[in-house]
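The sequence and structure are shown below.

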Amino acid sequence: MDWLAAVQNLRDDGGPGVLATVVSVRGHAPREAGAKMVIAADALWDSIGGGNLEAEVIDRARRMIADASAAPETLTFALNEHAANQHGRQCCGGEVQVLLEPLRHDPVVAIFGVGHVGFELARILSRLRLRLHLTDSRAGQLDPLRLADVTAGSATVTAHHTPAPETVLQALPAGSHVYIMTHDHAEDFLLCDAALRRGGLDVGLIGSTAKWARFRQRLRAEGHDDVDSIRCPIGLPGIGGKAPAAIAVAVAAELLGRLGSAVPEASGPAPRAVSKFPE
């Protein structure tokens with residue numbers, strides 16, 4: 001796999017990484033300017049020349065990943081017998097400058113139930129650079145014409161039409177932000193139960209305090225001790241209104257607060273096709 005495919009692979013998997021590029025070469029060096037490699041926490045793709053040069057770049061890149069560094073860095077290496085090296089000598093005689101660029105993964109948001117509120121929430125979030133999953137047991141809610149405004153945004157949108165939405169939930173990467181707002185309280189409960197059993201997700205449930213009191217009691221009866229990890233009601237306090245758009249604005253505002261600086265800036269609206277996976 002070359003570096004370009006590796007970057008796309010990391011983005012698809014939702015994992016962080018670092019792109020290393022040889023930006024300048026003076027004298028003799030293992031690779032020319034423009035050579036690239038991709039470093040993940042537990043994998044490597046392509047090469048910038050091997051030896052001490054590459055080993056030190058890998059070490060630094062993985063420290064950046066561990067520290068969640070967002071700022072790019074430039075490293076300069078003297079390739080001669082007098083240079084202090086951690087991983088053996090390289091005596092090419094030249095000097096190499098390497099740029100390390102963190103590859104921040106796009107946050108994953110999954111909306112279960114694309115009814116009035118779910119649709120409005122999807123429209124808002126689609127303007128951000130996110131990986132947006134839309135799941136509904138009703139095929140008409142995911143009709144490409146209905147979702148045309150959503151798929152015209154900056155988000156990468158994947159639609160899942162399935163009678164078993166919990167299978168989609170199980171396949172989400174850890175740390176995904178999940179919003180449960182289906183047309184059926186029984187389906188909502190099933191998803192809450194599945195989310196707690198799976199773990200590792202940030203889960204919000206649409207509904208009143210009365211609905212949550214009932215769900216909370218039933219979830220505890222199912223053996224869950226961590227029911228309060230689910231937020232219900234959802235939405236930023238202080239934003240009133242019961243119209244679907246108003247609720248969606250409140251939920252989107254709450255999500256942005258939870259994401260903080262984790263949302264990469266969109267490079268402009270770029271239409272993305274909706275993938276539909278019958279399951």
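This is a predicted model: local features need pLDDT of at least 70, side-chain atom pairs count only at pLDDT 80 or more; totals for chains, interfaces and linings use all residues.

Arg123 and Asp149 form a salt bridge whose closest N and O atoms are 3.0 Å apart. Arg123 belongs to helix 3 and Asp149 to helix 4 (residues 148-151), so the pair ties together parts that are 26 residues apart in sequence.

## Other salt bridges

The whole structure contains 15 salt bridges. One of them joins Arg129 to Asp106, with 2.9 Å between the closest N and O atoms. Arg129 lies in the loop between helix 3 (116-125) and strand 7 (131-136), and Asp106 in the loop between strand 5 and strand 6 (108-112). Asp106 counts as buried because its relative accessibility is 2%, under the 20% limit, whereas Arg129, at 24%, counts as partly exposed.

A further salt bridge links Glu254 with Arg231, the closest N and O atoms being 3.5 Å apart. Glu254 is in helix 8 (residues 244-259) and Arg231 in strand 11 (residues 230-231), 23 residues apart. Both Glu254 and Arg231 are buried. Through shared partners, salt bridges also join Glu120, Arg123, Arg127 and Asp149 into one network.

## Strand pairing and overall fold

The chain has 8 helices and 12 strands. Strand 5 (residues 95-103) runs antiparallel to strand 1 (residues 17-26), joined by 9 bridges, with Ser24 opposite Gln97. Strand 5 also pairs with strand 4 (residues 73-78) in the antiparallel sense over 6 bridges; there, Glu73 stands opposite Leu100.

Of the 279 residues, 43% count as buried.

Terms used. Residues are numbered from 1 along each chain as its sequence is written. Side-chain values use heavy atoms; hydrogens and water are left out. Helices (H or I, at least four residues) and strands (E, at least two) are DSSP runs, numbered from the N terminus. Buried means under 20% relative accessible area, exposed over 50%, partly exposed in between (1.4 Å probe, protein chains only). Two strands pair if DSSP finds at least two bridges between them. A salt bridge is a side-chain nitrogen of Lys or Arg within 4 Å of a carboxyl oxygen of Asp or Glu.
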